[in-house]
Amino acid sequence: MDTLDTYRPIIKDVLVPYTEIPYSHGDIQCKTVFDSENDSYLLITLGWDGVKRIHGCLVHIDIIDGKVWVQRDDTEDGVTYELVAAGIPKDKIVLGFHPANVRPHTGYAVA
């Protein structure tokens with residue numbers, strides 16, 4: 001099986017459980033947005049907290065040139081650990097939210 005065909009379902013399997021975690025306040029939900037054609041995977045929050053509109057990106061993952069780029073991760077523990085535990089090697093994951101000069105010190109791929 002192609003490596004990318006392995007990574008895609010892992011990413012989805014890691015993100016989907018977050019949609020089932022209830023918020024303790026407001027009328028807020030998490031929703032996944034999967035663009036398999038462009039290999040872009042999002043976990044977004046949306047809803048209302050009283051009169052305040054909530055709409056934002058919690059997690060953004062792309063697959064670029066055969067590597068999994070974690071572009072944004074605002075989860076409490078970080079989804080990167082879950083991606084590794086599910087079978088994606090650390091040298092195939094880029095922490096895109098870190099500047100390029102910091103990435104060599106993360107233990108993950110630099111690009």
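Which side chain does Asp5 meet in a salt bridge? That would be Arg8, at 2.9 Å from N to O. This is a predicted model, where local features need pLDDT of at least 70 and side-chain atom pairs count only at pLDDT 80 or more, while totals for chains, interfaces and linings use all residues. Residues are numbered from 1 along each chain as its sequence is written, and side-chain values use heavy atoms, leaving out hydrogens and water.

**Salt bridges around Arg8**
- The structure holds three salt bridges (a side-chain nitrogen of Lys or Arg within 4 Å of a carboxyl oxygen of Asp or Glu).
- Asp5 and Arg8 both sit in helix H1 (residues 3–15), three residues apart, or about one turn of the helix.
- Arg8 also pairs with Asp39, at 2.7 Å from N to O.
- This second pair links distant parts of the chain, 31 residues apart: Arg8 is in helix H1, and Asp39 is in the loop between strand E1 (27–35) and strand E2 (40–49).
- Asp39 is buried at 8% relative accessibility, whereas Asp5 is partly exposed at 37% (buried is under 20% relative accessible area, exposed over 50%, partly exposed in between, with a 1.4 Å probe and protein chains only).

**The Asp74 pair**
- Asp74 and Arg72 form a salt bridge, with their closest N and O atoms 2.7 Å apart.
- Asp74 is partly exposed at 43% relative accessibility, and Arg72 is partly exposed at 38%.

Terms used: Helices (H or I, at least four residues) and strands (E, at least two) are DSSP runs, numbered from the N terminus.
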